[in-house]
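This report covers ring contacts, helix packing and selected residues. Please view the sequence and the model first.

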Amino acid sequence: LGKTGASAVQSISTVLTGGKSVEARRNAVWALTRINDKTARDAVRAALTDADESVRHAAIHSVAIWRDAEAQFPLHPLMRTGSPAIRRAAAEALGRLQSNAAMRALFDGAPKSHDRVLEHSITYALINIDDPAATAIGLKNPNPFAQRCAFIALDQMDNGGLKPEQVSPLLLSSDPNLKETGAWLVSHHPEWGEALAGFLRVALTKTSSPDQQAALEKQLAELASNEKVQQLLAESVSAQNKSAQLIAVHAMQQAHLRAAPVAWGASLTKALTASDAGLVRDAVSTARFVTFEHRPPGLDDALLHVARNGSLSDDERLNALAAARGQVQLDGPLFDFIRAQLEPSKPVNARITAATVVEHAKLTPEQLSALTQNIKSVGPLELSHLLAAYEKSSDEQIGLALVDAIKESKGHSGLRADQVKPKLAKFPVNVQEKLDEFLKSLNVDATKQRAHLDDLLSQIKDKGNSYRGQAIFNGSKAGCSTCHSIGYGGGHVGPDLTRIGQTRTERDILEAIVYPSASFVRSYEPYIVTTKDGEDYNGVIKKDAPDEVILATGPQTEQRIARANIADMRMGSVSVMPQGLDEQLSKQELADLVAFLKSSVGGNH
């Protein structure tokens with residue numbers, strides 16, 4: 001480099017054609033890059049066809065630095081035949097050269113499978129060349145990855161001119177990458193709402209196959225934050241096209257908006273009075289899981305009307321009651337129906353749902369008095385919900401009967417004073433004293449807990465049958481699968497137990513069943529969220545986002561709390577899983593359940 005004469009340049013250039021080592025040829029390219037005269041550029045262009053990839057890579061880098069316009073055509077073949085690394089470098093070089101003659105080569109060099117770095121290189125080259133007309137040709141390229149590059153490049157160009165009607169078909173594309181591209185593009189173009197809704201409106205009337213319907217439901221749910229799409233969904237539920245109605249209802253449920261628009265409440269209310277049983281059933285399900293900032297007028301009345309329909313199944317009627325929010329009043333037949341769903345013989349999901357309905361209902365003193373009979377027979381999963389129904393009562397006779405019923409309840413051992421006392425705080429002093437006396441008898445210190453576990457373990461050790469235990473795990477009596485999964489089945493409120501047998505001893509498993517609050521699995525710790533209006537919610541955090549927190553408060557219940565409404569949030573000490581399951585099961589059933597969980601070491605049960 002110290003010699004600048006023609007002979008020195010020629011000597012270095014000769015290294016590239018003189019059969020020298022790869023390292024020598026690569027160093028020669030770097031040296032010629034610094035010299036940068038005609039002889040050097042000619043030699044480096046020739047190195048673009050070198051047998052060694054690292055030499056070709058160095059040559060590509062050099063012509064890119066020089067912005068050597070004469071190198072563009074030798075670069076074109078490298079986009080088609082080079083390795084991904086060579087194609088990435090060639091795309092970057094062509095972008096720096098800013099020649100629209102390179103467009104075809106860039107699209108030909110697009111990957112045939114997922115390679116996000118190469119896609120980025122090609123997209124950035126298209127943006128640098130800045131030729132919208134030539135780039136738009138790539139929108140019709142048979143390679144979906146080339147199409148993706150063209151769409152994103154046009155969107156990012158100052159004058160790309162990308163139109164919503166060009167993007168809309170991507171939303172229903174069978175190619176997942178193009179569908180993802182379409183969703184990303186429309187997500188930051190709110191001004192496209194009208195055109196987008198128009199396209200989806202047509203799609204709603206033309207979609208026929210189950211796969212197409214499922215895809216459209218998912219896409220509508222993802223776009224539901226757009227006001228025009230929200231309006232489209234509300235209109236479609238109220239339309240006469242059955243397929244469009246069902247797709248729209250399903251999309252509403254999948255949308256998971258922090259606060260659904262008012263128009264959705266009106267359309268769901270209308271759907272609940274439809275003659276189509278399938279639409280009514282799906283509208284009930286959606287009404288149960290959609291959150292409104294203010295309860296839509298008439299929605300709860302429509303849900304109660306469905307619940308009174310004796311021709312429907314118990315599950316459908318129960319779901320309708322669970323979907324009704326606020327202090328709903330249960331007439332005689334509905335109250336009797338709910339009490340029947342609390343019977344121990346009913347499936348665990350039905351019992352918990354019924355208990356949740358009772359928790360939020362506005363019950364008369366006569367109904368509260370009758371409910372004490374159910375409290376005697378319910379398990380720990382339902383008991384805490386039922387006690388919440390008495391939170392506003394101060395009737396002495398009801399309070400005394402309630403404490404007697406709690407004493408007889410099979411689920412009372414799972415109660416804790418800090419949970420029970422606030423719910424029964426309005427009862428007279430004599431009721432409080434009777435309750436305190438009973439709660440003191442429930443306090444078990446660590447020594448007694450260990451002794452109790454030792455005694456239980458000695459009674460059940462080596463006496464369980466894992467096949468019977470599997471039936472107990474999945475059955476309605478214990479209800480374990482409602483919250484926990486093993487293999488591919490079960491709930492997701494509690495930890496996955498697929499491999500628990502590998503990591504826990506029999507004693508550990510027994511302790512988790514009998515004393516679930518003794519320890520918590522990471523990421524499943526209970527949290528207490530206190531709102532600014534004084535409400536406390538206990539559950540497992542399922543979503544912790546800047547705008548809201550979602551707590552799983554039970555097997556089928558969630559509480560969405562706006563971040564702005566949170567006064568305090570702290571880790572709790574009481575598990576969402578209630579204590580007292582060992583009193584629900586016989587010793588043999590407990591032994592079988594422990595044997596099953598101990599046998600879970602990763603197999604597909």
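## Basis

The model is predicted: local features need pLDDT of at least 70, side-chain atom pairs count only at pLDDT 80 or more, and totals for chains, interfaces and linings use all residues. Residues are numbered from 1 along each chain as its sequence is written, and side-chain values use heavy atoms, with hydrogens and water left out.

## The aromatic pair

Phe473 and Phe596 are both buried (under 20% relative accessible area; exposed means over 50%, partly exposed lies in between; 1.4 Å probe, protein chains only). The structure holds 1 aromatic pair. Its ring centres, those of Phe473 and Phe596, are 5.5 Å apart, and the planes stand at 55 degrees, so the pair is tilted. Rings of Phe, Tyr and Trp (its six-membered ring) pair if their centres lie within 6.5 Å; planes under 30 degrees apart count as stacked, over 60 as edge-to-face and the rest as tilted.

What does the pair tie together? Phe473 lies in helix 29 (residues 466-474) and Phe596 in helix 34 (residues 587-598), so the pair ties together parts that are 123 residues apart in sequence. Helices (H or I, at least four residues) are DSSP runs, numbered from the N terminus.

## A charge over a ring

Arg317 lies over the face of Phe337. The distance to the ring centre is 4.1 Å. A charge sits over a ring if NZ of Lys or CZ of Arg is within 6 Å of the ring centre and within 35 degrees of the ring normal.

## Helix packing

Helix 20 (residues 314-323) packs against helix 21 (residues 332-341) at an angle of about 110 degrees, and their axes are 11 Å apart. That makes helix 20 roughly perpendicular to helix 21. Axes are lines fitted to C-alpha atoms, for helices over the stretch in contact, and angles run from 0 to 180 degrees between N-to-C directions. Under 35 degrees counts as roughly parallel, over 145 as roughly antiparallel, 65 to 115 as roughly perpendicular and the rest as oblique. The crossing of helix 20 and helix 21 is left-handed (the near helix is turned anticlockwise from the far one by less than a right angle; clockwise would be right-handed).

Helix 22 and helix 24 (residues 380-388) pack at about 15 degrees, with axes 7 Å apart. The two are therefore roughly parallel to each other. Helix 22 also passes helix 24 in a left-handed crossing.

## Buried residues in helices

Thr353 belongs to helix 22 (residues 348-360). With 5% relative accessibility, Thr353 counts as buried. A polar atom of its side chain lies 2.8 Å from the backbone oxygen of Asn349.

Ile60 sits in helix 4 (residues 53-66). Ile60 counts as buried, at 1% relative accessibility.

## Loop residues

Asn36 has phi near 55 degrees, a positive value in a residue other than glycine. Asn36 is in the loop between helix 2 (22-35) and helix 3 (38-47), and counts as partly exposed at 34% relative accessibility. Arg67, also not a glycine, has a positive phi of about 55 degrees. The loop between helix 4 and helix 5 (72-81) holds Arg67, which is partly exposed with a relative accessible area of 45%.

Lys376 lies in the loop between helix 23 (365-375) and helix 24. At 27% relative accessibility, Lys376 counts as partly exposed. The C-alpha atoms of Lys376 and Ala405 are separated by 5.1 Å, although the residues are 29 apart along the chain.

Key: Polar contact = N/O pair within 3.5 Å; in protein donor to acceptor, adjacent residues only side chain to side chain.
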